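Subject: Structure handover

Hello,

Here is the structure for your files. Please look it over; my notes follow below.

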Amino acid sequence: MRNIVQLHLNRMFRSVFFLAVVLLTLGCFLGFSLIGIESVGVTFVSYIIKFDYYAYFEVVLTVIAFCTAVYFFRQESMLEVICFYPKVKVLWGKMLATLGGSLSLCVIPAAFVLIHAAMEQTELSFTVAALLYAVIRWALIILAAQSTAFLAAYLIRSPAVYALSLAACVLFTYLNDTILTWLFDFDETGEKLSNFFSMQQPFMTGVDVEYVGARLDLFLWSKVLYVALFAAVVFALIWLLCGRHKKLPAALLAALLLAQAGSISAWFMLYPRHYAYE
């Protein structure tokens with residue numbers, strides 16, 4: 001497995017496609033920074049509050065992450081087949097390599113935080129918390145979008161699978177709010193489901209009056225847990241679908257689904273309560 005992951009990582013980092021992905025992501029991020037934020041002239045309390053305004057760029061990141069996963073998942077694996085590697089190891093190797101390579105894009109928000117921390121001379125604890133927060137935000141988007149892309153690319157062998165990036169873009173971002181709140185008559189259930197599926201900052205339209213820094217609370221970590229378990233479920237499901245032996249992957253999938261149910265339950269329990277005006 002280690003050799004397969006290394007092989008696909010080398011292919012990925014040497015490919016023109018991934019170079020284009022990096023340049024596109026960086027270009028869009030800088031373009032949004034200059035056109036969407038700096039040109040407006042808004043003064044932010046801290047740079048982490050400024051980072052939250054990049055939520056609109058994260059819609060683009062979701063599409064980029066999804067298409068990147070589909071592209072590398074669909075690459076030929078003739079060398080691995082000739083070497084008689086099991087199909088599940090070949091697929092897992094591609095998936096792990098693609099996730100690992102794509103998560104390197106988190107260098108961009110990390111650089112954003114470090115540059116602003118040096119400019120504003122913030123304390124070490126504040127900077128570390130901001131760094132973790134920014135990297136986690138992007139990592140969640142990449143992990144959710146690419147896990148979905150892997151499963152979609154396995155089930156749909158046609159290039160039409162790229163079109164599903166638009167559905168992922170709506171599901172995993174604030175764009176789902178209009179659909180879900182409309183389906184549930186704009187009540188609290190629709191809002192919860194919107195924040196559950198969205199990998200972005202929750203309550204984007206709200207005003208945070210308590211914190212000027214990164215909020216690394218249990219609510220965020222519960223989302224990290226259930227997104228990581230979602231990725232693990234996709235890996236186990238692909239193993240079940242393409243493997244010769246069904247008992248072990250089926251047992252693993254069942255255990256992961258139970259863990260996933262527990263993590264989702266924890267997220268809903270930690271969901272902030274609405275302010276009561278009465």
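The axes of helix α11 (residues 188-197) and helix α13 (residues 247-269) come within 11 Å and cross at roughly 125 degrees. Axes here are lines fitted to C-alpha atoms, for helices over the stretch in contact, with angles from 0 to 180 degrees between N-to-C directions. The pair α11 and α13 is therefore oblique (under 35 degrees is roughly parallel, over 145 roughly antiparallel, 65 to 115 roughly perpendicular, the rest oblique). The crossing of α11 past α13 is right-handed (near helix turned clockwise from the far one by less than a right angle; anticlockwise is left-handed).

This is a predicted model: local features need pLDDT of at least 70, side-chain atom pairs need 80 or more, and totals for chains, interfaces and linings use all residues. Numbering starts from 1 along each chain as its sequence is written, and side-chain values use heavy atoms, without hydrogens and water.

The protein has 13 helices and zero strands (DSSP runs numbered from the N terminus: H or I, at least four residues, for helices; E, at least two, for strands). Of its 278 residues, 44% are buried (under 20% relative accessible area; exposed is over 50%, partly exposed in between; 1.4 Å probe, protein chains only).

Met95 sits in helix α6 (residues 87-103). Met95 is buried, at a relative accessible area of 0%. Its C-alpha atom is 8.3 Å from that of Ser147, 52 residues apart along the chain.

Leu241 belongs to helix α12 (residues 218-242). Leu241 is partly exposed, with a relative accessible area of 40%.

Best wishes
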